[in-house]
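Colleague: Could you take one piece of this model and walk me through it slowly? I'd like to hear what it sits beside and how it is placed.

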Amino acid sequence: MEHVDVLVAGSGFGGSVAAYRLAEAGFEVVVMERGRAWPPGSFPRSPAQMGKAFWDPAAGLHGLFDVWSFGDCDSVVSSGLGGGSLIYANVLLRKEEKWFVRESPLPGGGYEHWPISRDMLDPHYDAVERMLGAAPYPLDKKGYQDTAKTRAMQDAAAELGLDWQLPPLAVSFAPKPGARPEIGLQIVDPEYGNLHGVTRRTCKLCGECDLGCNEGAKNSLDHTYLSAARRHGADLRTLHEVRTITPRPGGGYEVGFVQHDPLTELQTISCDRLVLAAGTYGTTYLLLKNQLPGISKTLGTRFSGNGDIISFLLRAQDRPIAASRGPVITSSIRLPDGAYIQEGGFPAFVDWMAEAAAVGDEFKRAVRFVWERLRGLITRDHNLSAELSRLLGTGELSDRSLPILGMGRDVPDGVLRLHGERLVLDWDAETSREYYAELRGTMRRIGDVLGAEYSDAPLRRVLTAHPLGGAPMGRHIGEGVCDSRGEVFGFPGLYVADGAAMPGPVGPNPSLTIAAMADRMADRITTRKNAPMPVRTALSFTEEMRGTLNGGDGFAFHITITADDVDRFLTEPEHLARAEGWIDAAICGGRRPIERGWFNLFAPGESPDHREMRYRLHFRDGENQPRTLLGVKHVKHGPPTRLWLDTSTLHSTLLEGHVEEGEEGNVLATGTLRISPADLTRMLTTFHTAGPGGAAALARFGAFFLGELWDVYGPGN
């Protein structure tokens with residue numbers, strides 16, 4: 001099996017920064033990105049290209065846009081080398097100090113807490129800004145002074161008494177640092193080179209940033225951090241998607257992955273350190289799916305859309321806006337409560353499509369096909385296609401109209417969880433209703449100043465490009481999944497380096513903060529480079545049980561139970577271990593392999609003198625239908641004569657589907673399994689340890705086991 005120092009899963013703002021910093025420090029780094037590389041000139045533009053530009057491997061699509069649809073919130077994220085930087089709007093704003101909140105209450109209980117401060121991040125903000133070539137839009141320079149949408153936002157802010165600024169943008173307006181901005185000049189490559197080997201040119205003000213920059217003017221992560229990482233030896237592997245994570249005895253992780261286009265079988269690689277940077281949804285899904293034993297119960301919580309709103313100002317009467325001239329965003333209005341409003345802009349070819357809407361049915365059908373595809377991916381209950389078609393067909397998205405973007409501090413009370421194989425979101429915009437109402441009110445006032453109509457259509461639902469949370473940082477395992485430097489509690493060498501780690505909304509565009517936190521995380525890893533990795537001792541044993549279901553159907557299982565870290569297994573509540581092996585039952589099609597299994601030893605029961613040994617085994621029957629075997633041994637207070645009966649009897653339930661903890665499933669059968677004295681004798685010979693201090697670890701396990709039994713069955717209990 002291939003082994004590396006560091007595996008980085010994903011190449012967005014967290015993964016790219018980590019890859020560069022760690023490769024520069026001398027680590028052997030492999031980056032796995034599920035999408036492909038997108039050099040300048042390759043981004044889709046025509047209706048036919050856009051129709052294939054989505055990420056849907058099951059449909060044979062390996063495109064740029066990955067659209068997630070949930071009940072009250074939809075998201076558009078990116079798939080490709082460089083992650084979200086390929087389609088974001090280039091804005092690099094720092095999180096305000098006052099919004100690094102401490103124990104801010106949440107409506108349903110709990111609180112938002114940032115275990116980090118602005119002072120801690122400022123040096124890392126500086127480093128990222130330098131690397132991304134942050135520079136404001138050169139509004140005062142010839143060729144840029146007449147950017148109508150920028151002037152419109154500036155004037156509206158002045159009229160309303162709001163704070164307006166030209167934020168730092170990761171865009172090359174000049175061919176090299178210190179040179180005069182000029183449109184369409186060849187950009188001088190930095191010393192670390194250009195991984196695409198394609199000529200880049202300065203911004204031509206085409207408004208296509210969010211569709212991928214075909215000029216290469218956007219200083220996206222492939223042109224910056226990833227090019228530098230490759231220069232320092234990082235191995236960048238596109239169309240590689242991480243699927244499984246397994247802690248290794250003695251430290252490090254074994255990672256399962258597939259290669260796309262064409263799809264391969266699961267392959268494995270091992271690493272000393274694993275950096276998860278697959279995006280808020282990707283990273284949270286990986287952690288939920290792999291069910292690492294003992295991971296924080298806050299996994300999946302603190303979801304936020306960063307307060308995102310997308311609306312439109314239509315048919316401005318007082319002035320032309322020319323939204324298609326310039327980068328997508330050139331200016332930003334900061335509201336007193338910490339929210340932000342930015343002009344959206346759109347590609348110049350939207351003007352062309354609006355003007356050409358009458359050229360014939362064939363063109364109309366092509367445009368409608370693209371938007372129908374987008375609608376089908378984004379939403380189930382709103383005709384996005386009809387709305388956009390109306391806007392395009394009447395020219396309302398042309399000269400005198402402007403998309404307008406809002407973001408800020410919504411309530412981070414969403415929960416991401418698995419439903420079968422699918423990631424679902426429990427989130428309701430109602431708890432953030434006051435925030436959304438105030439932000440929309442300000443947008444309307446901006447529209448009034450410009451003599452424009454305000455419209456929530458076509459995106460009346462919340463659509464966020466900035467999903468955050470799911471694996472939030474905290475001060476301890478009860479408060480978060482990872483600490484303030486992204487290291488997962490209880491799992492040395494496992495890090496979260498993307499938006500999933502945010503414990504709440506960032507406020508402004510989150511990309512700079514995510515990158516700065518990854519830079520800070522890299523400091524910890526590099527300072528520990530020569531320190532020995534924390535070591536763990538694993539313990540395993542094999543158990544066989546037999547019995548019946550439904551009063552007569554024979555059922556048996558043979559499983560090997562593995563605790564990857566004995567000390568955690570014995571000291572942490574509900575100490576979870578892996579269970580692997582097979583079940584054998586005629587009603588399930590004979591012997592079937594266990595796909596995933598979990599075991600709890602002496603988990604707390606319903607009373608202080610009640611313990612439970614719990615089993616949860618996922619497998620598929622002979623017709624490939626998912627099934628779950630639940631089993632529990634009840635260890636309750638009673639005479640010592642009950643000890644053998646209680647610890648050798650497994651009360652079992654066979655369920656339809658792969659049922660997760662906390663979910664209910666349809667019951668197919670119930671029964672009882674038992675371990676015989678002969679099988680118990682064999683089981684005692686199967687105990688093995690891996691890692692240092694094996695004999696001592698085995699002794700600790702035995703003492704714990706006997707101690708728990710004494711607590712339940714001993715005299716005086």
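Modeller: Let's start at glutamate 33, which stands opposite threonine 238 in strand 10. Before going on: this is a predicted model, where local features need pLDDT of at least 70, side-chain atom pairs count only at pLDDT 80 or more, and totals for chains, interfaces and linings use all residues. Residues are numbered from 1 along each chain as its sequence is written, and side-chain values use heavy atoms, leaving out hydrogens and water.

Back to the piece itself, strand 2. Strand 10 covers residues 235-238 and runs parallel to strand 2, with four bridges joining the two (strands, E, at least two residues, and helices, H or I, at least four, are DSSP runs numbered from the N terminus). Strand 2 also pairs with strand 1, residues 2-9, again in the parallel sense and over four bridges (a pair needs at least two DSSP bridges between the strands).

Now the side chains. Val29, Val31 and Glu33 point one way from strand 2, while Val30 and Met32 point the other way, and all are buried (under 20% relative accessible area with a 1.4 Å probe, protein chains only; over 50% is exposed, in between partly exposed).
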